[in-house]
Amino acid sequence: MSRRTYRRTGAGLSQDDSGCLILHADMDAFYASVELIDRPHLRGQPVIVGGGGRAVVLSATYEARRSGVHAAMPMGRARRLCPEAVVIEPDHDRYAEVSRGVMEVFRSVTPLVEPLSLDEAFIDVSGAVRGSGTPSQIAAVIRDRIADEQRIACSVGIAATKFVAKLASAQAKPDGVLVVPRDETVTFLHGLPAGALWGVGEKTEEALRRLGLVTVADIAHTPKATLRRALGDASGAHLHDLAWGLDPRPVVPETVEKSIGSEETFSTDIDDPGVISRELLRLSERVAARTRASGLVGRTVVIKIRFADFSTITRSRTLPEHTDLARVLHATALALYTRLGLDRARLRLVGVRLEGLREASEGHHQMTLDERPRGWHEAERAVDRASARFGAGAVRPASLVAQPAATEEVAQHRRAPRSGDGQGPLRYQARHPYGRE
């Protein structure tokens, strides 16, 4: 029996986990919890993780959430709702490190792990129950190990399908477990609001409300043909199936990333080509480092530009051969930006992305006649080793080395970055995060 409390929030459900072979494990307030590992004196206090200016909340402790703060909320509003909160700049390298440890725990149980983000994953335990016990016992072991090894809390949903398991983990928070027995799935679902279903956003929920459909039960008892006419064939059929607990999708182990990107939103709109060029270099450095760390190379460079009026454009160029070099990414990104001829148009965001990824071992570099046998590849990998030993930014291009004027100029525009393409964390670390001076 686990030393941790087994919590259930599904009123009226039994604890029968037979046939419930899908787990959804989700860390509680992940970024904030990681920050509290090294700041135990802040436990029990409202803490918000996020940047300044126009940045958004990445995570907040449950004490801050009680004041209405939640992820993706503008930081300005979060500070107004909870002025007493301690605000911490994000440390993405640290989050990635803890995430790797969490995923290793999952994969020690079974290779059938499908990460959804840094802090959550689906786990198919069908091949593990014989040697490791029931799904509930496996969940208890996972939670104990994460608490012991990573010192953060994990909530787990256990069900027969991925969709229901994810709903269950959300209801189990914080620091709990919820089993939705296979035979009680419909009962569990029909008591939920329509917005709980995957695919129901604000517009779809409004369309459902116009039809008088407020709960999942309402959707389930509406003819599928009616839903198709109102929402479209695919969406209508999909929601009807989910309302009856039908979700045949298997757990799919992690696959190779389709692209790796990084973007920067400025706290004030900028029009200085010099600042933009340096930001493109900084972003190219991050993307290249992540690409090398993943053992990949890419061939298509994409830049993303968002103007002050929120209009957004992208431009791309496919290279003659695959690369993982920051200097190549930056040269290409800068050429794409220059070709736009923006004439000091005011920009809100810039981004760099590398697509057409493949394993580095499959890429072949054709040397030119005047190229040295050892050069930029070795230099950038040496930077990777230095960063791994001494911290991000230990070695960087001369144009990014802090100078009095440049430091103030860039700092007033930059904020802690977010991933703009949903492909994972950025490798940026604040120079002096809270409490680590």
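**Close-up 1. His 330 in its buried setting.** In this predicted model, His 330 is buried, its relative accessible area being 15%, which falls below the 20% under which a residue counts as buried. His 330 belongs to helix H14, and, once residues up to four places away in sequence are left aside, its contacts are Ser 277, Leu 280, Leu 281 and Ser 284.

**Close-up 2. The packing of helix H13 against helix H14.** Helix H13, which covers residues 273-293, packs with helix H14, residues 326-340, at an angle of about 140°, and the two axes lie 8 Å apart. H13 is therefore oblique to H14, and the crossing in which H13 passes H14 is right-handed. On the H13 side the contact includes Pro 273, Ile 276, Val 287, Ala 288 and Arg 292, whereas the H14 side is made up of Ala 326, Leu 329, His 330, Ala 333, Leu 334 and Tyr 337. Sorted by class, the residues in this contact of H13 with H14 are 11 nonpolar, three polar and two charged.

**Close-up 3. The salt bridge between Asp 28 and Lys 173.** Side chains of opposite charge can pair when their charged atoms come close. The structure as a whole contains 19 salt bridges, and in one of them the side chains of Asp 28 and Lys 173 meet with an N to O distance of 2.7 Å. This pair links distant parts of the chain, 145 residues apart: Asp 28 sits in the loop between strand S1 (22-27) and helix H1 (30-37), while Lys 173 sits in the loop between helix H7 (162-172) and strand S8 (177-179). Asp 28 is buried, with a relative accessible area of 3%, whereas Lys 173 is partly exposed at 21%.

Close-up 4. The side chains of Arg 94 and Glu 97 form a salt bridge, with 3.5 Å from N to O. Both residues lie in helix H4 (residues 92-109), where a spacing of three residues corresponds to about one turn of the helix. Arg 94 counts as buried at 15% relative accessibility, while Glu 97, with a relative accessible area of 43%, is partly exposed.

Close-up 5. Glu 205 pairs with Arg 209 in a salt bridge whose closest N and O atoms are 3.9 Å apart. The two residues lie four residues apart in helix H9 (residues 202-210), about one turn of the helix, and Glu 205 counts as partly exposed at 28% relative accessibility. Elsewhere, salt bridges with shared partners join Asp 26, Asp 28 and Lys 173 into one network.

Note on methods:
Residues are numbered from 1 along each chain as its sequence is written. This is a predicted model: local features need pLDDT of at least 70, side-chain atom pairs count only at pLDDT 80 or more; totals for chains, interfaces and linings use all residues. Side-chain values use heavy atoms; hydrogens and water are left out. Axes are lines fitted to C-alpha atoms, for helices over the stretch in contact, and angles run from 0 to 180 degrees between N-to-C directions. Angles under 35 degrees count as roughly parallel, over 145 as roughly antiparallel, 65 to 115 as roughly perpendicular and the rest as oblique. A crossing is left-handed if the near helix is turned anticlockwise from the far one by less than a right angle, and right-handed if clockwise. Contact means heavy atoms within 4.5 Å. Ala, Val, Leu, Ile, Met, Phe, Trp, Tyr, Cys and Pro count as nonpolar, Asp, Glu, Lys and Arg as charged, and the others, Gly among them, as polar. Buried means under 20% relative accessible area, exposed over 50%, partly exposed in between (1.4 Å probe, protein chains only). A salt bridge is a side-chain nitrogen of Lys or Arg within 4 Å of a carboxyl oxygen of Asp or Glu.
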